Amino acid sequence: MTQPPPLHEPRPELYAGLLARFALRPRDRLLGRFLVGLARIPGAVRLLTGWHARRARR
């Protein structure tokens with residue numbers, strides 16, 4: 001009789017030290033929510049794209 005394969009248990013603490021510097025701050029999360037909400041407004045994506053293009057030309 002064959003045995004089932006061994007289970008691999010998740011160990012999130014394994015990379016916690018390496019990933020800590022990439023963690024989002026509360027300010028980053030708030031800004032992300034704001035930008036996603038802004039993208040729902042019709043025409044807002046075109047305005048943001050134009051604004052970024054204009055800034056890149058400077």
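User: Why is Thr 2 called exposed?

Analyst: In this predicted model, Thr 2 has a relative accessible area of 74%. Exposed means over 50%, so Thr 2 counts as exposed. Thr 2 sits in the segment before α1.

User: How far is Thr 2 from Arg 54?

Analyst: Their C-alpha atoms are separated by 65 Å, and the two residues lie 52 residues apart along the chain.

User: What radius of gyration does the protein have, and what would a compact globule of 58 residues have?

Analyst: The protein has 22 Å, whereas a compact globule of 58 residues would have a value near 10 Å. The C-alpha atoms fill a box of roughly 65 × 30 × 25 Å along the principal axes.

User: How much of the protein is buried?

Analyst: Buried residues make up 2% of the 58 residues, where buried means under 20% relative accessible area. The protein exposes about 6400 Å², with 64% of that supplied by carbon and sulfur atoms.

User: Is Phe 22 buried or exposed, and why?

Analyst: Phe 22 has 55% relative accessibility. The cut-off for exposed is over 50%, so Phe 22 counts as exposed. Phe 22 is found in the loop between α1 (16-19) and α2 (26-39).

User: Which residues form the nonpolar patch on the surface with Phe 22?

Analyst: Leu 14, Tyr 15, Leu 18 and Leu 19 form the patch with Phe 22, and together the five have about 590 Å² of accessible area. Nonpolar side chains are joined into a patch within 5 Å.

User: What pattern does the protein follow along the sequence?

Analyst: The pattern is α-α-α, with 3 helices and 0 strands.

Key. Residues numbered from 1 in each chain as written. Predicted model: local features only at pLDDT ≥ 70, side-chain atom pairs only at ≥ 80, totals over all residues. Heavy atoms only, no water. Patch = residues over 30% accessible without salt bridge, like charges linked within 9 Å, V, L, I, M, F, W, Y side chains within 5 Å. Areas by Shrake-Rupley, 256 points an atom, 1.4 Å probe, with all protein chains shown as cover. Salt bridge = Lys/Arg side-chain N within 4 Å of Asp/Glu carboxyl O. Helix = DSSP H or I, 4+ residues; strand = E, 2+ residues; numbered from the N terminus. Buried < 20%, exposed > 50% of the residue type's maximum accessible area, 1.4 Å probe, protein only. Rg over C-alpha atoms; globule rule 2.2 N^0.38 Å.
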